Amino acid sequence: MQTENKPPRWLTLSAFAIIYFAWGSTFLAIRVGVHEVPPLLFAAMRFLTAGLVLYGWLMVRGERSPTMRQWLAASLMALLIFVFDYGLLFWAEQHVPSGIAAVMLATIPAFMALSEIILLRTQRLTIRLAVALLIGIGGVVALTSHSLNLGDAPIDRKGAAALIIASASWSIASALSRKLPLPESKVMSSGAQMLAGGVLLTLAAGIRGEFHGFQPSTVSRGAWIALLYLIVVGSIIGYTAYVWLLHHESPTRVGTYAYVNPVVAVLLGYFVGGETLGPRTILGTLLVLVSVVVITTTRARKPARQVAAAEEA
């Protein structure tokens, strides 16, 4: 009988610690950088460098480069993920605290559930799912509403809108990833998307005029350290740990980073970044996290048509 070699427990725990804390801490690093470097340019520096390193490493290892069709698919994914999701995140963190930005992006599972219900029609809207979505909406309202008097000020509306669009863009990309002709290797697929995303962000930064007047010599050491942290820890090490975990743990366990990252980001923003942690932030964070937990632990139910078709087959 062939037995599967399980990795050492310390290695598994280390990988989980990386995706929990490294990814959770990237929001504060982004905030540090975008206050000195134009946001799209800062994002371009991160992903273009990380994409070149990852793609170059794969080519040295002998991986097959994507075909032209796969590059086009990867570029579409890059537009949605790196330009619209990360680009808007970097821009929003000029106006929104890093912890709140992480909480707003934690609504991605809610948008993914909506895309499966409305666009893909691969899931049915149940009472449990509907309640979870309403709780998530309540969390966003608590963070943004000017009519609710919760003791602290609501977050910037433009920043909040940008983060909602970013979350929706990620969910659309996730839905499309099942249909687009992407490379079979997950690592190569992500490397190609990251590289294409870095190029597209560079073009977007140029279109916005972010190169004009930018003087690298005026950027502080702290901002350069934040960029290095984002490239090495956030993108290269973080993604490597994530892919490794997907091969050794269940997707459900790996997906728990979705509700750990916001907590890490909020606590780091408060204790390290000097961000406020008032009743509004606490309530909104709790509501969004409850929504995410319920959505990600709800078993998908196929629409009645698909069930009937499967029974007939």
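**Close-up 1. The lining of the second largest pocket, by class, has 10 nonpolar, two polar and no charged residues.** Here Ala, Val, Leu, Ile, Met, Phe, Trp, Tyr, Cys and Pro count as nonpolar, Asp, Glu, Lys and Arg as charged, and the others, Gly among them, as polar. This is a predicted model, where local features need pLDDT of at least 70, side-chain atom pairs count only at pLDDT 80 or more, and totals for chains, interfaces and linings use all residues. Residues are numbered from 1 along each chain as its sequence is written, and side-chain values use heavy atoms, leaving out hydrogens and water.

**Close-up 2. Helix 6 gives the most to the lining of the second largest pocket, with seven residues.** Among the lining residues you will find Ala130, Leu133, Gly136 and Val140, along with Thr107, Phe111 and Ile164. Helix 5 and helix 6 (127-144) are the elements that give two or more residues to this lining. Helices are DSSP runs (H or I, at least four residues), numbered from the N terminus.

**Close-up 3. Helix 5 (residues 108-118) packs against helix 7 (residues 157-176) at an angle of about 50°, with the axes 8 Å apart.** Axes are lines fitted to C-alpha atoms over the stretch in contact, and angles run from 0 to 180 degrees between N-to-C directions. Helix 5 contributes Ile108, Phe111, Met112 and Ser115 to the contact, and the helix 7 side includes Ile164, Trp170 and Ala175; contact means heavy atoms within 4.5 Å. By class, this contact of helix 5 with helix 7 has seven nonpolar, four polar and no charged residues.

Methods: On a 1 Å grid over the protein atoms alone, a cavity is a set of points where a 1.4 Å probe fits but cannot get out, and a pocket is an open set with protein on both sides within 12 Å along at least five of seven lines; lining residues have an atom within 4 Å of a point.
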